[in-house]
Amino acid sequence: ATPTALMVGTGRGAQLGILIKGPEVLETTRRADTIVLDKTGTVTTGRMTLQTTHTTHTTDTTEVLRLAGALENASEHPIAQAVATAAADATGPLPTPEDFTNVPGLGVQGIVEGHAVLVGREQLLAEWEIRLPDHLAEAKRAAEAAGRTAITVAWDGEARAVLEVADAVKDTSAEAIRRLRALGLTPILLTGDNRAVAESVAAEVGIDEVYAEVMPQDKVDVVKRLQAEGRSVAMVGDGVNDAAALAQADLGLAMGTGTDAAIEAGDLTLVRGDLNAAADAIRLSRRTLSTIR
Ligand code: ADP
Ligand code: MG
């Protein structure tokens, strides 16, 4: 292989908004036959907004937003940002938590104004033996059936609210996935989110294979399992709960709009955060390498 041709390939990549870590990346890019796409922040914009707050009869919505927002303000998760922003808009400056822990793939927990607060999946509440009352469980089911992510809020040992958060599919995602298929790659959607939400997003962008409700540490195993089947796996993510999986993939593609962890773990960065750049990268690497041979 002539180093000059490879350098031309990487230079053209930069023009297309693709940063390639080194010329050797082109070879793994060419070989990829499967592309795993993280949902939040990759297929969807990741800019979530709080749509609706359902509370128990004795709970004040303002208090839900202040306590949940204070905790979420300390997290960089897109859901957290949606909750914190809505809370600050509705209630003013948020208190600083006395204690805060991020529980990856489940939510956040901590102490706010003396209350032990939990915000996240129902499973997080279940770990503390907190159950949702029937009408909140019903609100959660309805939200998920409608393709929204439902977050639960509890404090002092009691479930208090269900927050409906929604995120839009990027308008470039469906086209990019069609192009990736045309290049011979099988797209797979991977998410920690609820199955109903995942299926609804997959249907919207034309993906048939879905791994939902996957914990952050298990995202790596999904990649390993696909590799064990003999597939050459590319993975696209934003680094929020998926950096290890990005590093495990034969080819890690980091959303440039994502975290520094993604860019570090990835072999390739899609500067504009547009999935079309993933298709461009694969087309470019095939063309560059066929010029060399
Ligand atoms: P994805 O795979 O879609 O990027 P994550 O693995 O980051 O999703 O999160 C999985 C689920 O865990 C979310 O859909 C949400 O229900 C819950 N979750 C994670 N972090 C938070 C948080 N900071 N606040 C509320 N819920 C959270
Ligand atoms: Mg993510």
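A residue is counted as near a molecule or strand if its C-beta atom, placed from the backbone, lies within 6 Å of it. Of the 23 residues around ligand 1, those that come nearest are Thr40, His77, Ala80, Gly192 and Asp193. The model is a predicted one, in which local features need pLDDT of at least 70 and side-chain atom pairs count only at pLDDT 80 or more, while totals for chains, interfaces and linings use all residues. Residues are numbered from 1 along each chain as its sequence is written, and chains are lettered from A and ligands numbered from 1 in the order in which they are written. The protein averages a pLDDT (the predictor's confidence in each residue, from 0 to 100) of 91, and 95% of the residues score at least 70. For the complex, the predictor gives an ipTM of 0.94 and a pTM of 0.81.

The domain assignment, with bounds that come from an automatic or database source, gives domain 1 (3-45 + 169-292) and domain 2 (49-166). Their C-alpha centres lie 31 Å apart, and the contact between them takes 13 residues from domain 1 and 10 residues from domain 2, where two residues are in contact if their C-beta atoms, placed from the backbone, lie within 7 Å. On the side of domain 1 that touches domain 2, the elements that give two or more residues are helix 3 and helix 9 (195-205), and helix 9 supplies the largest share, three residues. Helices (H or I, at least four residues) and strands (E, at least two) are DSSP runs, numbered from the N terminus.

Both domains give residues to the shell around ligand 1, so the ligand lies between them. The shell divides into eight nonpolar, 10 polar and five charged residues, where Ala, Val, Leu, Ile, Met, Phe, Trp, Tyr, Cys and Pro count as nonpolar, Asp, Glu, Lys and Arg as charged, and the others, Gly among them, as polar.

An open sheet of six strands has the order 3-8-7-6-5-4 with antiparallel pairing, two strands being taken to pair if DSSP finds at least two bridges between them. Strand 3 (49-55) and strand 4 (99-103) are the edge strands, each pairing on one side only, and the twist from one strand to the next averages 20 degrees. Within this sheet, strand 7 and strand 8 (residues 158-166) pair in the antiparallel sense over seven bridges, and threonine 149 has valine 165 in strand 8 as its bridge partner. Helix 4 (residues 61-72) packs on the sheet, touching strands 3, 4, 5, 6, 7 and 8, and its direction makes about 80 degrees with that of strand 6; axes are lines fitted to C-alpha atoms, for helices over the stretch in contact, and angles run from 0 to 180 degrees between N-to-C directions.

The other open sheet is formed by seven strands in the order 1-13-12-11-2-9-10, with mixed pairing. Strand 1 (18-20) and strand 10 (209-211) stand at its edges with a single partner strand each, so one side of each is left without a neighbour in the sheet. Strand 12 (residues 251-255) and strand 13 (residues 268-270) pair in the parallel sense over three bridges, with methionine 255 opposite leucine 270 in strand 13.
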